[in-house]
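Welcome! Please take a moment to look over the sequence and the 3D structure before reading on.

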Amino acid sequence: MATKIILDVDTGTDDAVALMTAALSPDIELVGATVVNGNTVLDSCVENTLRVFEWIGMPEVPVHRGMSRPLARVQPTQLNPATRIHGDRLDLPEATIKAAPGHAVDWLIDTYLASAGDIRLVPVGPLTKIATAIVKEPRILEYIPEIVIMGGAHDHGNSTASAEFNIWLDPEAARIVVNCGRPIRMVPLDATHRALVSGEQAEGLRALGTPAGEAAARFVLKRIEGYDATQPMPHRGGAAPVHDALAVCAVIDPTVITTEFIPVDVETGGELSVGRTVCDFRFRSRRPANVHFAMDADEPKFNAMLRDILGRTAPAARSGTGQVPGASSPRSSRPVMGAVDGADSASPSPLQSSSAE
Ligand SMILES: [Ca+2]
């Protein structure tokens with residue numbers, strides 16, 4: 001049975017690959033996407049998310065607009081983040097579909113409270129909205145079976161020497177989430193940098209001949225260009241991590257990463273280390289373990305999963321058009337629909353009581 005997830009994104013290039021992977025995997029039921037400020041400003045993150053779903057012929061997946069700034073941080077780079085790796089808008093046609101009405105925080109709360117406790121939460125951007133939902137309605141916690149976070153770093157940061165971008169952008173929010181008491185798996189840079197995608201592998205995705213394969217090739221090649229220019233992978237040019245997609249793949253197949261169950265907290269007050277995920281591998285804090293922290297990943301398996309999943313097209317059953325997989329272009333597989341309003345999605349209505357399972 002497919003695993004239900006909500007994917008929380010700040011859509012730049014790796015979020016885009018993660019969205020396509022989640023939407024097209026037969027092992028995942030994507031209940032919806034919620035969007036947060038991060039890789040670029042919120043408006044662009046929302047537009048990019050809509051572009052991705054429309055491009056792959058799945059405009060029915062609801063997209064919910066969330067937080068536009070961190071909880072407490074006011075540095076200009078945190079309010080309007082750098083886009084040198086991702087660019088601002090994705091290289092896909094402008095979206096004709098719209099985000100769902102209402103705020104993503106309220107949708108998250110309503111969706112979880114109406115659920116059977118079977119929707120995994122997969123945040124792959126700053127944790128602003130997840131923290132806000134937890135603080136606004138703590139009862140949602142008992143409905144969240146697991147949180148799989150792309151974020152954090154032990155060995156090296158990317159926003160600073162200490163901190164990874166998603167955690168650094170809103171460390172107060174991240175601290176609330178990692179200490180929320182629910183099962184957490186964390187996919188940090190230590191893991192994502194162990195599962196790179198090369199230019200050759202990106203061309204292999206393009207050769208799949210599917211909308212998702214074409215888009216993923218564009219985005220990965222853009223990432224490689226950005227990484228080679230600004231932060232080349234040690235001893236290995238011409239390849240880049242695709243962080244967020246690894247988190248989605250870890251939901252599908254947990255063996256694509258290797259985790260250690262340890263106490264993890266987030267630095268919010270350090271002079272040099274704000275946003276650092278403090279990993280207590282030797283239990284010196286005497287705190288109980290709270291996070292399954294990934295220190296390694298299986299690169300061949302990750303690339304094989306991307307090839308398998310991104311070679312697929314939108315399932316006809318979900319689009320409601322009766323079209324079979326194999327449509328040659330995203331336009332031909334796009335159902336005739338206007339604004340997406342959540343009621344069309346696979347998500348349970350907040351007004352329905354859920355008795356499943
Ligand atoms: Ca992201």
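What follows is a short tour, from the whole chain to its strands and then to some helices.

## The chain as a whole

Please keep in mind that this is a predicted model. The chain contains 13 helices and twelve strands, and of its 357 residues, 54% count as buried. Looking at contacts with a separation of 6 or more, residues 24 or more positions apart account for 81% of them.

Five of the seven residues of β1 are buried, so the strand is mostly covered. One of its partners is strand β2, residues 28-35, which runs parallel to β1 and is joined to it by seven bridges. As an example, threonine 3 has isoleucine 28 as its bridge partner in β2.

Strand β4 spans residues 119-123, and because four of its five residues are buried, the rest of the structure largely encloses it.

Next comes β6, made of residues 184-187. In a regular strand, side chains alternate between the two faces of the sheet. In β6, Ile184 and Met186 point one way, while Arg185 and Val187 point the other way. All of these residues are buried.

Which strands does β6 pair with? Strand β5 (residues 147-150) pairs with β6 in the parallel sense over four bridges, and valine 148 has arginine 185 as its bridge partner in β6. Strand β12 (residues 291-297) also runs parallel to β6, with three bridges joining the two.

## Helix α12 and its buried side

Helix α12 covers residues 299-310. Its twelve residues reach 16 Å from the first C-alpha to the last, close to the 16 Å expected at 1.5 Å a residue. Buried in this helix are Phe302, Asn303, Met305, Leu306, Ile309 and Leu310. These residues lie on the same side of α12, because they cover an arc of only 155 degrees around the axis. An α-helix has 3.6 residues a turn, so residues three or four places apart point the same way.

Is proline 300, by contrast, buried or exposed? This residue belongs to α12, and it is exposed because it has 9 other C-beta atoms within 10 Å, where 12 or fewer count as exposed. Proline 300 and leucine 196 are 104 residues apart in sequence, yet their C-alpha atoms are 9.1 Å apart in space.

## What covers helix α12

What lies over the buried residues of α12? The covering elements include α1 (13-24), β7 (196-198), α9 (199-206), α10 (211-230), α11 (243-252) and β12.

Let us look at two of these helices. The axes of α1 and α12 come within 9 Å and cross at roughly 65 degrees, and the crossing is left-handed. At this meeting, Met20, Thr21 and Leu24 of α1 come together with Leu306, Ile309 and Leu310 of α12. Helix α11 is itself largely enclosed by the rest of the structure, because nine of its ten residues are buried. Among them are His243, Asp244, Leu246 and Cys249.

Notes: Residues numbered from 1 in each chain as written. Predicted model: local features only at pLDDT ≥ 70, side-chain atom pairs only at ≥ 80, totals over all residues. Buried ≥ 20, exposed ≤ 12 C-beta atoms within 10 Å, placed from the backbone. Pairing = 2+ DSSP bridges. Expected span 1.5 Å × (residues − 1). Arc of directions from axis to C-beta. Contact = placed C-beta atoms within 7 Å. Axes fitted to C-alpha atoms, helices over the stretch in contact; angles between N-to-C directions. Left-handed = near helix turned anticlockwise from the far one by under 90°.
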